[in-house]
Amino acid sequence: MGISVDNLSTIQRILVFCLIVAAAYMLEFFCRKVLVKTIHSITARTETKWDDYILNDKVLNCACHLICPVIIFFFLPLILDTYPTMLFYAQKLIMIYVIVICVMLVCALLGGFYEASSEEAGLQNHPLQGLSQMLKLIVICIGVIIGISVLLDKNPIVILTGLGASAAVLMLVFKDTILGLVAGVQLSANKMLKVGDWIAIPSRNVNGVVTDVTLTTVKVQNYDNTIITVPPYSLVSESFQNWRGMWDSGARRVMRSINIDMNTIRFCSDEELEGYAAEKWFESLERCGKREVNLKIFRHYLEHYITNHPNVDKNTMIMIRQLQPTPQGLPVELYFFTATTEWKRYEYIQADIFDHAIAVVNEFGLKVFQSPTGDDIASLKPSQR
């Protein structure tokens, strides 16, 4: 401005300082109102979405916040050259403010990268939120170390050396964070877990959908709408069941049995075989001789019925088998897969098939085993008691 610095009075120095602050604020205001909107309009026209997430409002606002302190820090020695103590503390404060803004800027960039990567189909199966939180934690630690070195006027390496001596205490304090970091890397590398997976951990009463995977917790919403938080390292050290494969396959298994009263298992009569021969499903029966057991024909009928059911997956195994006899009868297990994984629809298909199986069992001269109830005992004749 053509004014000699040596000839400035205190009031003039204050006025010059106010002018510098005003000019810096006007430049920041211009960048915030004009430059930021220009950048948004440019990123909106591009085909890629990465620039929209990376150059978001938080990143650009943090960048604008750096304008004022940088300009003031540059001109401050010209104004406070005769006040070295005041200049020293003022520069320290400005440097601390710049460090805080830089940490916020880097964290905002990492948040933008996380949001952009979560939209990519190839990266959606990885729990990237824990990795993003880890990087933010590292950035904050670096910012704290640099800030302490600025305040103490020490080399950051000296501070790191001092922290190395207290590494055991730090590991104890950040134990969960370190274990969560290692577990998050393992979960991501092995593709063991992602948001939206249905997992079950019986030992922790967990049976629901993963809603969030962070550095220190995994949130699961059970089907009773309760929220359970599980440490990530427990998913690595313990076993858990992930139903993602079932959802991806599009088919869900049914493996239930009906207990048949073994007193009703017998050979079929000729009249019964003639009646079965008129049915279409009987044609594919593999005959072992002239005499056939009613239970075998019942199992063949069920297999034919399930195979031709419209809601059963034909590309998976369909099997009707016997299990080990028990005091409650002979279990006949129905093993097949429904053509849907939707829970309510799956239960209805399963119920419809077993309704039919229980209703048709009497047509083959068989009975379902059931423990006697009060009505069964009351219906007995006096001579049978």
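Reader: In which strand is Asn222 found?

Author: The model is predicted: local features need pLDDT of at least 70, side-chain atom pairs count only at pLDDT 80 or more, and totals for chains, interfaces and linings use all residues. Residues are numbered from 1 along each chain as its sequence is written, and side-chain values use heavy atoms, with hydrogens and water left out. Strands (E, at least two residues) and helices (H or I, at least four) are DSSP runs numbered from the N terminus. Asn222 belongs to the run of residues 218-222, strand β3.

Reader: Is Asn222 buried or exposed?

Author: Asn222 touches Asn205, Val206, Asn207, Gly208 and Ile228 (heavy atoms within 4.5 Å), leaving aside residues up to four places away in sequence. Its relative accessible area is 7%. The cut-offs are under 20% for buried, over 50% for exposed and partly exposed in between, with a 1.4 Å probe and protein chains only. Asn222 is therefore buried.

Reader: Which residue takes a positive phi in the hairpin of β1 and β2?

Author: β1 (residues 198-201) and β2 (206-213) run antiparallel, joined by four bridges; pairing needs at least two DSSP bridges. Ala200 has Asn207 as its bridge partner in β2. Four residues lie between the strands, and the one with a positive phi near 60° is Asn205.

Reader: What is the bridge partner of Ile199 in β5?

Author: Both faces of β1 are covered, with Trp198 and Ala200 buried on one side and Ile199 and Ile201 on the other. Two bridges join β1 to β5 (residues 241-242), antiparallel. There, Ile199 is partnered by Asn242.

Reader: Which strands stand at the edges of the open sheet of three strands?

Author: The order is β6-β8-β7, with antiparallel pairing. Each edge strand has a single partner, so one side of it lacks a neighbour in the sheet. These edge strands are β6 (252-260) and β7 (319-322).

Reader: At about what angle does α14 run to β6?

Author: Helix α14 covers residues 343-360 and lies across β6 and β8. Angles run from 0 to 180 degrees between N-to-C directions, with axes fitted to C-alpha atoms, for helices over the stretch in contact. For α14 against β6, the angle is about 25°.

Reader: Within what arc do the buried residues of α14 fall?

Author: Tyr346, Ile349, Gln350, Ile353, Phe354, Ala357 and Val360 are buried in α14. Seen down the axis, they line one face, because their directions (from the axis to the C-beta atoms) fall within an arc of 135°.

Reader: Which residues are exposed on the other side of α14?

Author: The buried residues of α14 have cover that includes β6, α13 and β8. On the other side, the exposed residues are Lys344 and Ala359.

Reader: Which residues touch the most other members of the largest nonpolar core?

Author: A core is a set of buried Ala, Val, Leu, Ile, Met, Phe, Trp, Tyr and Cys residues joined through side-chain atoms within 4.5 Å. The elements giving two or more residues to this one are β6, α12 (270-277), α13 (294-307), β8 and α14. Leu334 has contacts that include Val254, Leu302, Met319 and Phe354. Of the 31 residues, those touching the most other members are Ile297, Phe298, Leu334 and Phe364.
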